[in-house]
Amino acid sequence: MGLVDSLFGKDGRKFLKRKDSDAAEAGRALEELRSSLYNELKTSEGAKRQQQRFCGPVVAMSFNFVVAVGIILANKLVMGRVGFNFPIFLTLIHYAVAWILLAFFKSLSLLPMSPPSKTTPFSSLFSLGAVMAFASGLANTSLKHNSVGFYQMAKIAVTPTIVFAEFVLFKKTISSTKVMALAIVSLGVAIATVTDLEFNLFGALVAVAWIIPSAINKILWSNLQQQANWTALALMWKTTPFTVFFLLALMPWLDPPGVLLFKWDLGNSSAILVSALLGFLLQWSGALALGATSATSHVVLGQFKTCVILLGGYVIFGSDPGFISICGAVAALAGMSVYTWLNLPGKSIDHSSSKQLPKQNTAVSKPKAEADDGVGETGVAEPLLSKTTTANIV
C-alpha cells in the first residue's frame, strides 16, 4: 500500500476499498438474481411470472413480427432459389429441429417447468398438437395449389371463425365497435392483397379445410397459457411430438414424391437449416404473442405484417402494387389502429363469461392488453405476395 499512500494518501485507500466493496455487492446481487430466476423456472407459476415480466404484449408481438419477416425471406430462398418444393416436409423439419432444441434446453435445466398434469387434460395437449400439424400443413398446401389472392381470402375468414368459435366454446363476446374495426381490417386487407382468385377444386377444398384448424390452433394456444400456467416453451415441449407425428402422416398425402432425390448439398442443407431455426423462433414468438394477448389480436398482427410488407415494398423498393391496393392497406392499418386503441386498458368494453377450459388453474391473471397472427404461427408465416413463399409453423 506504500505506493497508494504516496500517490493518494488515506483518501486513496478508502476509495479503493469502496470500489472493491461496490464490486462485491454487485456480484452478490447478480448471483442472487441468477439464483432467483433459476428457482422461478422450477415451478410453473414462477416460470409464468417470468414470461409475463419479460415478454409482455409489445415485446412478444414485436418479436413475432421481426421473425415472421425473416422467415418469409428464408422460405422464399428455400422454395424459390433452392427449389425445395416439399412444404409439408419442410414444416416437419422445422418442428423436428424445434423438438431437438427444446430437448437440449431441457438437458441443461433451462426448460420451464410444466404445470401438474391434472390441471390440463391430456386431450387438450393432444388436440393442440394435432391442430398445429393441420394448420401449418394445410396452409402450405393451400399456397401451393392456389393463388396468393385466394390464400389471403381464406386467411381473412379466420378472424370471424375465431370470434364465432370463442363465443360457442367460452361464451366470449366482443363489442360492436371492435367488430366494426375488424371488418375494416378484413376489407382493407382483401382490397390490398386479393388481386387474383386463381384456384382449383382440390386447392379450394384445402383452403376451406384449413380455416377451422387455424382458428382452433390460436384459441388453444392463447387459452392454455392464460388459464393453466403454461409457458410458451413448456407447451411447445409437450405438444411438438404430436405435431411431428401428424405431419409424418400428412406428408405422403400432400407432398409430391421425390424428397429423397433432392440435392442435399451443403448450400441447400444450410438454407433449409436456417429456415428451420427461424421456424423455431417463429413458433416460440407466436406462442408468446398468443399467451400475452388473444387469438383475435394475433390474427390482426398477421394482417398488419401483410400490409407493412406491401407498403414497405412500395416506399423502400419502389414496387407498384397499384393505387387501390395501397388504399386498401392504409384502410386496414387504420382499422388496426382503432382495434389496438380499443384494447388499451380502460378502453375495452367486452363482456365475456368466466367459462374457460375445463379443470384449469386460474391463478394467473390475464394480461391487460389484447393484441393478435403469424406461424404460425406457431402460426403461419405470411406470404410475401408470391407463389414461391410458403406458410410456416406459428
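Tutor: Rings of Phe, Tyr and Trp count as a pair if their centres lie within 6.5 Å. The model under discussion is a predicted one, and the structure holds 17 aromatic pairs by this criterion.

Student: What makes the contact between Phe84 and Trp264 an edge-to-face pair?

Tutor: The ring centres of Phe84 and Trp264 are 5.5 Å apart, which is within the 6.5 Å limit. Their planes stand at 70°, and angles over 60 degrees count as edge-to-face, so the pair of Phe84 and Trp264 receives that name.

Student: Why is this pair said to tie together parts that are 180 residues apart in sequence?

Tutor: The answer lies in the two loops. Phe84 belongs to the loop between α3 (57–81) and α4 (87–107), while Trp264 belongs to the loop between α10 (232–254) and α11 (266–292), so the pair links parts separated by 180 residues in sequence.

Student: Are the two partners, Phe84 and Trp264, buried or partly exposed?

Tutor: Phe84 has a relative accessible area of 0%, under the 20% cut-off, and is therefore buried. Trp264 stands at 39%, between the limits of 20% and 50%, and so counts as partly exposed.

Student: How do you know which kind of pair Phe262 and Trp264 form?

Tutor: The ring centres of Phe262 and Trp264 are 5.2 Å apart and the planes are at 80°, so this pair is edge-to-face. Phe262 is buried, because its relative accessible area of 12% is under 20%.

Student: Which residues form one aromatic cluster?

Tutor: The cluster consists of Phe122, Phe126, Phe134, Phe242, Phe245 and Phe246.

Student: What makes Lys171 a residue whose charged end sits over the ring of Phe167?

Tutor: The charged end of Lys171 lies 5.7 Å from the centre of the Phe167 ring, and the limit for this distance is 6 Å. Lys171 itself lies in the loop between α7 (158–170) and α8 (176–193). Its phi is near 55°, a positive value in a residue other than glycine.

Student: Why is Lys171 called partly exposed?

Tutor: Its relative accessible area is 43%, which falls between 20% and 50%, so Lys171 is partly exposed.

Student: Where is Ser109 found, and what is its phi?

Tutor: Ser109 is in the loop between α4 and α5 (122–145). Phi of Ser109 is near 60°, again a positive value in a residue other than glycine.

Student: Turning to helix packing, why are α10 and α11 called oblique to each other?

Tutor: The axes of α10 and α11 come within 9 Å and cross at roughly 120°. The crossing in which α10 passes α11 is right-handed.

Student: What is the arrangement of α4 and α11?

Tutor: The axes of α4 and α11 are 8 Å apart and pack at an angle of about 65°. The range for roughly perpendicular runs from 65 to 115 degrees, and α4 is therefore roughly perpendicular to α11. In this case too the crossing is right-handed, with α4 passing α11.

Student: How do you know that Ser124 counts as buried?

Tutor: Ser124, in helix α5, has 10% relative accessibility, which is under 20%, so Ser124 counts as buried. Ser124 and Leu220 are 96 residues apart in sequence, yet their C-alpha atoms are 8.0 Å apart in space.

Student: What makes Ser214 and Asn343 buried residues?

Tutor: Ser214, placed in helix α9 (residues 201–228), is buried because its 5% relative accessibility is under 20%. Asn343, in the loop between α13 (323–342) and β1 (375–376), is buried because its value of 3% is under 20%. The C-alpha atoms of Ser214 and Thr161 are 9.3 Å apart, although 53 residues separate them in sequence. For Asn343 and Ser297, the C-alpha distance is 9.3 Å with a sequence separation of 46 residues.

Student: How many helices and strands does the protein contain, and what share of its residues counts as buried?

Tutor: The secondary structure comes to 13 helices and two strands. Of the 394 residues, 51% count as buried. The accessible surface is about 18400 Å², and 70% of that surface belongs to carbon and sulfur atoms.

Terms used. Residues numbered from 1 in each chain as written. Predicted model: local features only at pLDDT ≥ 70, side-chain atom pairs only at ≥ 80, totals over all residues. Heavy atoms only, no water. Helix = DSSP H or I, 4+ residues; strand = E, 2+ residues; numbered from the N terminus. Buried < 20%, exposed > 50% of the residue type's maximum accessible area, 1.4 Å probe, protein only. Areas by Shrake-Rupley, 256 points an atom, 1.4 Å probe, with all protein chains shown as cover. Phe/Tyr/Trp six-rings, centres within 6.5 Å; stacked < 30°, edge-to-face > 60°. Lys NZ or Arg CZ within 6 Å of the ring centre and 35° of its normal. Axes fitted to C-alpha atoms, helices over the stretch in contact; angles between N-to-C directions. Left-handed = near helix turned anticlockwise from the far one by under 90°. Parallel < 35°, antiparallel > 145°, perpendicular 65-115°, else oblique.
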